Amino acid sequence: MIVATAGHVDHGKTTLIHALTGVDTDRLAEEKRRGLTIELGFAWLAQEAYAPLGFIDVPGHERFIGTMLAGVAGVDMALLVVAADDGIMPQTREHLAILQLLGVAELGVVLTRCDRADAAQQQRLAEQVSTWVAKAGWPAAPLWSVVASQEGDPGVAALRAALLQRAATWQPQAADGPARFMVDRRFNVAGAGCVVTGTLVSGRLAAEQRLWRDDQPLRIRSVQLASQPVAEVRAGQRCALNLAGTGADWPGRGDWLNEQRLPASDRLDISLQSLPDSHWHRGVLQLHLGTGVYSARLVQLDASAGLAQVMLEQPLQAVWNERCILRDPAANRTLGGGRVLDPQGLRRGRSRPERIALLRDWQQAETPGEVLAAALRHGPVTMPELALKLNLTQSALQAMLPPQVHLLSASGATIALTEEQRAALWQRLHARLDNWHRQYPELLGPGEGQLGLVSCLQLPLPVIRLLLQHWQSAGLLQRTAWTLHLPAHRPQLQAADRQLLLQVQTALLPGGLRPPIVGELAEQLAMDLDELKVFLLRMQRAGELIAVAPNRYYLPAQVDGLVAVVQQLVADSPTGSFNAAAYRDASGIGRNLTIQVLEYLDRAGVTRFVREQRFLAAG
């Protein structure tokens with residue numbers, strides 16, 4: 001369990017932690033000289049039967065609010081420290097607002113310096129603070145009073161006992177999912193090298209585990225918890241990591257270390273909560289996410305729903321449901337906070353009604369399963385992309401799918417979609433093809449590029465090709481060489497073209513797997529070569545002929561013969577592969593034409609060329 005202090009400057013936060021743990025968290029000489037916390041301080045309170053209780057001491061001065069934010073990110077509980085002789089001060093209010101925006105689950109109030117206020121003043125302040133924190137969202141926040149925050153103070157003893165009792169019943173976060181570690185401090189240890197401290201917000205960490213800092217790999221040499229070596233730490237715990245593979249100045253505060261390589265983004269779509277009297281503007285703001293600070297601008301997407309997009313000057317890695325704070329650096333004022341809904345916000349179409357509807361649904365979701373269900377209601381879901389947004393493995397996300405949802409995978413891309421969505425996609429493609437056939441009745445059909453499949457179906461191309469295979473198997477779609485067409489469509493050739501095509505077919509057919517080249521064909525037909533080339537190209541577009549090589553055309557049935565040779569070679573081979581020499585011998589078409597044929601079959605997706613061998617392509 002991790003507890004952070006919060007409150008106005010000079011209200012006794014550091015002194016209180018010292019009284020509770022015996023640790024002076026002010027390490028810097030400047031802090032001791034000025035009696036002012038400048039950097040984050042850390043302390044542990046040991047327990048015999050349970051994991052030690054961790055404390056984070058944060059600065060109270062308004063100049064160091066960024067450091068305060070780095071300290072309270074990811075804590076389980078906060079102690080709001082209020083001096084009895086001062087009462088509620090400006091930074092007390094701002095710190096409480098920040099704790100509220102960050103969604104800190106538990107809050108306790110500590111009245112310090114009670115020896116400087118009489119009983120009536122203490123009572124009035126206690127009632128005032130309790131009412132105030134209840135309105136902020138902690139109606140049952142306990143309150144303790146301490147006199148001088150010293151060992152032997154009954155108030156300190158009562159607070160320590162209460163915290164230890166709460167830590168004993170604390171339920172740790174689920175440690176499932178890939179690890180995500182938030183760095184708040186970095187230093188070097190002689191003989192060990194780089195050490196970082198921070199909070200593990202998800203997953204588990206152990207020695208020799210591999211992590212990523214952006215695109216840079218790191219390795220954990222060892223792990224410590226409360227200054228003691230441990231075999232493993234789990235989500236929700238503070239620890240220190242001795243790392244290998246680091247740079248001269250990274251990782252450091254603000255960095256995330258991830259088990260997965262999460263994509264970076266310069267746009268975050270968030271659910272925005274504004275503080276009273278906040279003035280949002282288009283100027284530069286400060287985004288605080290985790291322990292990092294980033295320059296950003298904010299655009300309202302739907303003010304009524306509290307949806308906004310944060311545009312960053314430098315990309316960062318974030319995941320769904322992470323909390324952030326937005327401040328106005330010029331006014332040194334906290335404006336509000338947000339919860340990340342989509343860490344890869346859209347650049348185009350960010351305010352379209354369908355996009356806003358999806359973000360509204362994600363705004364209401366409380367679990368990754370609900371995010372997935374909401375995404376499925378709006379269309380097919382690209383599973384690897386959504387898994388990274390949720391910081392889940394793809395298999396874990398797939399386990400959340402309802403049984404009636406279909407999964408389609410190809411070339412590393414996987415989508416989930418319902419039967420209704422698959423039918424709607426087919427209707428969209430059918431309409432596009434039908435319109436194309438009406439526009440170009442003399443042609444058999446378009447190629448993939450001509451049809452604009454990605455813009456039509458709005459899915460990754462590998463997944464689209466898998467859908468095409470499915471529709472071909474179902475008899476809804478037909479592919480002839482490079483062209484896609486509806487099964488019932490036939491090119492409407494002119495009478496002269498039909499007559500000449502018959503002559504060409506008669507000349508090509510006797511050649512078998514080695515039809516005559518274009519020049520020989522022109523001689524047989526007594527035609528001008530250039531005129532014949534134009535005709536052959538037109539027949540290729542109509543799907544009647546196939547240009548296997550620039551100077552050699554085949555009938556579709558002859559191409560089927562070329563493929564049949566491949567299938568027989570693969571069936572006869574113990575490795576399921578063959579080389580060019582084997583194909584030359586089996587087909588009898590000669591070396592040069594063999595190379596041209598095999599290159600065509602590679603382009604057509606019939607074969608795959610791997611290290612001088614060819615295999616039948618998947619599917």
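**Rings, a cavity and some strands**

Y440 has a relative accessible area of 34%, so this tyrosine counts as partly exposed; the scale calls a residue buried under 20%, exposed over 50% and partly exposed in between, with a 1.4 Å probe and protein chains only. The model is predicted, so local features need pLDDT of at least 70 and side-chain atom pairs count only at pLDDT 80 or more, while totals for chains, interfaces and linings use all residues. Residues are numbered from 1 along each chain as its sequence is written, and side-chain values use heavy atoms, with hydrogens and water left out.

Let's start with the aromatic rings. Rings of Phe, Tyr and Trp (the six-membered one for Trp) pair if their centres lie within 6.5 Å, and planes under 30 degrees apart make a pair stacked, over 60 edge-to-face, and the rest tilted. That rule gives three aromatic pairs. In one of them, the ring centres of W426 and W471 are 5.3 Å apart and the planes meet at 50°, so this pair goes down as tilted. What does this pair tie together? W426 belongs to helix α11 (residues 419-439) and W471 to helix α14 (residues 461-473), so the contact links parts that are 45 residues apart in sequence. Helices here are DSSP runs of H or I with at least four residues, strands are E runs of at least two, and both are numbered from the N terminus. W426 and W471 are both buried.

Then there's W436 with our opening residue, Y440: their ring centres are 4.5 Å apart with planes at 45°, so this pair is tilted. W436 has 10% relative accessibility, so W436 counts as buried, whereas Y440, at 34%, is partly exposed.

Rings also meet charges here. A charge sits over a ring if NZ of Lys or CZ of Arg is within 6 Å of the ring centre and within 35 degrees of the ring normal. R261 has its charged end over the ring of W212, 4.3 Å from the centre. R93 lies over the face of W132, and there the distance to the ring centre is 5.6 Å.

A cavity is a set of points on a 1 Å grid over the protein atoms alone where a 1.4 Å probe fits but cannot get out, and lining residues have an atom within 4 Å of a point. Around the largest cavity you'll find I56, A70, G71, A73, M182, D184, T199, R238 and T291. Two elements, α3 (65-72) and β7 (180-189), each give two or more residues to that lining. By type, the lining splits into four nonpolar, three polar and two charged residues; Ala, Val, Leu, Ile, Met, Phe, Trp, Tyr, Cys and Pro count as nonpolar, Asp, Glu, Lys and Arg as charged, and the others, Gly among them, as polar.

Now for the strands. Two strands pair if DSSP finds at least two bridges between them. Strand β11 (residues 216-225) is a handy one to follow, and four bridges join it to β10 (residues 210-213), running antiparallel. Within that pairing, L211 has L218 in β11 as its bridge partner. The β10-β11 hairpin has two residues between the strands, and D214 takes a positive phi near 55° there. β11 is also antiparallel to β14 (residues 238-244), through five bridges, with Q224 partnered by A240 in β14. A further antiparallel partner of β11 is β12 (residues 228-229), over two bridges. Those two form a hairpin with two residues between them, where A226 in the turn has a positive phi of about 55°.

Four bridges hold β30 antiparallel to β31 (residues 613-616). T607, in strand β30, stands opposite L616 in β31. With a relative accessible area of 4%, T607 is buried.

How values were computed
On a 1 Å grid over the protein atoms alone, a cavity is a set of points where a 1.4 Å probe fits but cannot get out, and a pocket is an open set with protein on both sides within 12 Å along at least five of seven lines; lining residues have an atom within 4 Å of a point.
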